[in-house]
Amino acid sequence: MLKTAWNEWCLKALQIETALLVLEEIELPEEMHGQQDAAEEKLLELARTWKGRQPVKDGRRWERQTQPGGTPSDAELLEMVSDFRADGKTWTLLRAVSDQREVVETLVAEGRACMAVEGSYYLGQWDEKDEVLEVGRDDDAGEPGTGVVLSATGEVQYTPDPEL
C-alpha cells in the first residue's frame, strides 16, 4: 500500500478496533471482569482520540489501465505471468500511475490477486465488483484475511466504526 498519512492512520485504527474485539472475546474469571471493563473503556477512549486525528485523504490523481493478458513492469509480477503462461491461465493486469509517478500494479487471475506497490506485495482475494483486494483472504482455503482492503491504487478502504 502507499505510504500515506491516510493509510497509516487506517492501519492503526484497524489495530485498535481489533484490540477492542479481542478484549471483548477474552473469557476471564468473574473477579477480573472489572479490570477487563476498565481496559475496554481505556481502549474505547484511545479509539475515539485516534478517530479525532483522522487525516484528509490526499488528492492524488490516477491514470488507470486495465490490460487483459498485460505485461507488468514489476519483476515479481512478471515471474508470476511467466508461470501463468506456462500453466495456460488467463490474467488481467491493472496498472495505476499517480500524478506523483507512483505505480501500483495488480495482477488478477481466477479471483485472486497480487498487488505490487512501492516494493511491497499484497496477496488475497480480488473483489471484481468493488475492484478491491482483500489482503490475505482466500475463499478456497477458508482464510478470512487480515481485514485490510486495498483499492487498485494502493489506498486502504476503511470506514471508522460510527459507534466510536
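## Handedness and packing of the first two helices

A crossing of two helices is left-handed if the near helix is turned anticlockwise from the far one by less than a right angle, and right-handed if clockwise. In this predicted model, the crossing of α1 and α2 is left-handed. The contact is formed on the α1 side by Trp 9, Lys 12, Ala 13, Ile 16, Ala 19, Leu 20, Leu 23 and Glu 24, and on the α2 side by Gln 36, Ala 39, Glu 40, Leu 43, Leu 44, Leu 46, Ala 47, Trp 50 and Lys 51.

## Overall architecture

The protein chain contains 3 helices and 9 strands, and their order along the sequence is α-α-β-α-β-β-β-β-β-β-β-β. The radius of gyration of the protein chain is 19 Å, well over the 15 Å that the globule rule gives for 164 residues, so the chain is more spread out than a compact globule.

Along its principal axes, the C-alpha trace of the protein chain spans about 60 × 35 × 25 Å. Of the 164 residues in the protein chain, 38% count as buried. Where contacts in the protein chain join residues at least 6 apart in sequence, 49% of them link residues at least 24 apart.

## Positive phi in two loops

Arg 101, although it is not a glycine, has a positive phi of about 70°. Arg 101 is located in the loop that runs between β2 (92-98) and β3 (103-109). With a relative accessibility of 76%, Arg 101 counts as exposed, because the cut-off for exposed is over 50%.

Glu 131 is likewise not a glycine and has a positive phi of about 55°; this residue sits in the loop between β5 (120-127) and β6 (132-135). The relative accessibility of Glu 131 is 43%, and Glu 131 therefore counts as partly exposed, a class that lies between the cut-offs of 20% for buried and 50% for exposed.

Technical notes:
Residues are numbered from 1 along each chain as its sequence is written. This is a predicted model: local features need pLDDT of at least 70, side-chain atom pairs count only at pLDDT 80 or more; totals for chains, interfaces and linings use all residues. Side-chain values use heavy atoms; hydrogens and water are left out. Helices (H or I, at least four residues) and strands (E, at least two) are DSSP runs, numbered from the N terminus. Contact means heavy atoms within 4.5 Å. The radius of gyration is taken over C-alpha atoms; the globule rule is 2.2 Å times the number of residues to the power 0.38. Buried means under 20% relative accessible area, exposed over 50%, partly exposed in between (1.4 Å probe, protein chains only).
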